[in-house]
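Reader: Can you walk me through some of the helix packing in this one? I'd like to go piece by piece.

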Amino acid sequence: MDLDMIQELASESVCTRCRGRIFASSGHEMTNGERGNALNFSLEALGFKVNITGEENCEICHGMFLELGGYAGEIARRLESYEFKTFLIGTTVSKDIIENEKRIHLKYGDRGESIKKELNRELGKIVSSKIKKEFERSDPDIMVKINTEFMTIDLQIKSIYIYGTYRKLRRDLPQTRWIKYSEIKETVESIIGEPAMAMARGKNYFLHGAGREDVDVRMLGNGREFIIEVASPEIRSIDLNELKHTVNHSGQGIEIENLKFATKSEVSKIKDEKYHKKYRAVIVRDDGKPVDMENLEKALNYLNGKVIYQRTPLRVSASRSDLVRERRILNIFLESKDPPTLIIEAEAGTYIKELVSGDSGRTNPSVSELSGQRLKIGELDVIEIER
Ligand SMILES: [Zn+2]
C-alpha cells in the first residue's frame with residue numbers, strides 16, 4: 001500500500017471495529033475490534049492522523065453492533081417457548097450497507113470479512129450465553145432470521161419427523177388430504193397427524209408414505225412405512241408410546257407401530273422404496289352371475305410367474321403419464337371358492353384392479369381376458385409388504 005492509500009485508510013470515517021474488519025483475513029486470533037485498535041495504534045505511531053469515529057457515526061455499520069444486546073434479548077424471549085438443542089442466526093442488512101462495505105474492502109485489497117458474518121457471530125455468542133444453547137452451523141433445530149433494515153426477527157423451526165408403519169382397517173379412507181374427496185374429512189394423514197401435531201404443539205403436519213393404497217383398499221399385515229412430519233414444533237421430544245396409544249385407541253381404524261424419530265433425508269428414501277406386495281382380492285363378475293371357476297383357475301395357472309403389460313389405467317391417467325409398464329406376477333392362486341378369493345403377489349407398482357379387469361385391454365394379459373369373463377375386484381386388501 002502506498003503512502004496515499006495509508007493516509008486514506010487512516011482518514012476513513014469508520015469505527016475501530018469496521019476498520020479492523022477490512023483486514024479480517026490477517027491476524028486470526030484477534031477480534032475485529034482488537035485488530036482495529038492495533039491498526040489505529042500503528043497508523044498513529046507512523047505519524048498518520050487517524051479519524052477515530054464512534055460506531056454510531058461509522059460509514060459502514062451505522063452503530064448496528066450497539067443494538068445487538070436488544071436483539072439478543074428479544075431473540076431469547078422468542079425462543080423461550082421452544083424445546084431445542086441447537087440454533088443458528090442469519091442476518092440480512094440493507095443493500096446500501098453491503099455495497100458500501102464492499103467498495104471500501106475492495107479499495108484495500110479485498111481482505112475483509114462481511115459485516116453479516118460478524119453480526120451473526122457476535123449475536124450468536126450473546127444469545128448462546130443468555131440461553132445456554134449451542135450455536136450450530138449445519139442443520140440447527142432453529143434458524144433465527146434477522147433483518148436489521150426492517151428490524152424483524154423470524155424463527156424457522158426445523159420440522160420433526162417420526163417414522164412408523166400403519167395398518168388401515170377401513171375401506172373409506174384416503175391416505176392424505178391432497179387426494180380430493182369432498183365428502184371425506186378423515187385421512188390416514190389426519191388420524192396420525194392431528195395427535196402428533198397437538199403433542200408437539202406444531203403448526204401443520206404432512207404424511208410421507210412408502211407408496212399408497214387406494215381409498216377402498218385395506219392395508220393389513222405388517223403395515224406400510226410412513227414418516228409423519230410436524231412443522232414448527234414447540235416440543236421436539238414427544239412421547240412416541242403415547243402417540244401410538246392415542247392413535248391406536250382412537251377407534252378410527254388406523255393402527256401404528258415401530259415408531260421412532262427420523263430425519264428429513266429419510267423421507268425421500270422411504271418414498272422411493274419399491275417392495276413386492278401381497279394382496280387378497282375377492283372377485284366378482286361384472287354381470288353379477290357366478291364366476292366360472294374352471295376357466296378362472298386355468299387363467300391363474302397361466303398368469304403365475306408371467307410378466308404383464310399395463311398401460312397407465314384410465315382412472316389414474318389424469319395424474320400420471322401414459323406409458324406401458326412391465327410387471328411380473330410373482331404368485332397368483334385361488335385361496336377359497338366362496339366367494340372367489342385370490343392371493344396375488346406382484347412387483348411394486350402393479351395395478352391389481354386392472355390385472356383382474358383388464359382395463360378395456362390396457363392391461364395385457366388379464367384374468368378377465370384369459371378366463372373369458374368380465375371380472376372385477378369386489379374387495380381388496382394389501383396383506384403384506386415384502387421388506
Ligand atoms: Zn462500524
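Predicted model: local features only at pLDDT ≥ 70, side-chain atom pairs only at ≥ 80, totals over all residues.

Reader: Start with α6. How many residues does α6 have, and what does it span from first C-alpha to last?

Author: Helix α6 runs over residues 115–131, which is 17 residues. From the first C-alpha to the last it reaches 24 Å, close to the 24 Å expected at 1.5 Å a residue.

Reader: Which residues of α6 are buried?

Author: I115, E118, L119, L123, G124 and V127.

Reader: What comes after α6?

Author: K132 follows α6, and the phi of K132 is positive, near 60°.

Reader: Back to α4. At what angle do α4 and α6 cross?

Author: At roughly 45°, with the axes coming within 9 Å. That angle makes α4 oblique to α6.

Reader: Left-handed or right-handed?

Author: The crossing of α4 and α6 is right-handed.

Reader: Which residues meet there?

Author: On the α4 side they are L68, G69, Y71, A72, I75, A76 and L79. On the α6 side they are E122, L123, I126, V127, K130 and I131. Sorted by class, this contact has 10 nonpolar, 1 polar and 2 charged residues. L123 and V127 are also among the buried residues of α6.

Reader: Another pair, then. How do α7 and α8 pack?

Author: Helix α7 (residues 188–200) and helix α8 (residues 240–248) pack at an angle of about 140°, and their axes are 10 Å apart. The two are therefore oblique to each other. α7 passes α8 in a right-handed crossing.

Reader: Which residues make the contact?

Author: From α7, I191, I192, P195, A196 and M199; from α8, E242, L243, T246 and V247. By class, that contact has 7 nonpolar, 1 polar and 1 charged residues.

Reader: Changing topic: where is T152?

Author: T152 is in strand β4, residues 152–157.

Reader: Buried or exposed, and why?

Author: T152 counts as exposed because it has 10 C-beta neighbours inside 10 Å, and the cut-off for exposed is 12 or fewer.

Reader: What separates T152 from I104?

Author: Their C-alpha atoms are separated by 27 Å, and the two residues are 48 residues apart along the chain.

Note on methods:
Residues numbered from 1 in each chain as written. Helix = DSSP H or I, 4+ residues; strand = E, 2+ residues; numbered from the N terminus. Expected span 1.5 Å × (residues − 1). Buried ≥ 20, exposed ≤ 12 C-beta atoms within 10 Å, placed from the backbone. Axes fitted to C-alpha atoms, helices over the stretch in contact; angles between N-to-C directions. Parallel < 35°, antiparallel > 145°, perpendicular 65-115°, else oblique. Left-handed = near helix turned anticlockwise from the far one by under 90°. Contact = placed C-beta atoms within 7 Å. Nonpolar A, V, L, I, M, F, W, Y, C, P; charged D, E, K, R; others polar.
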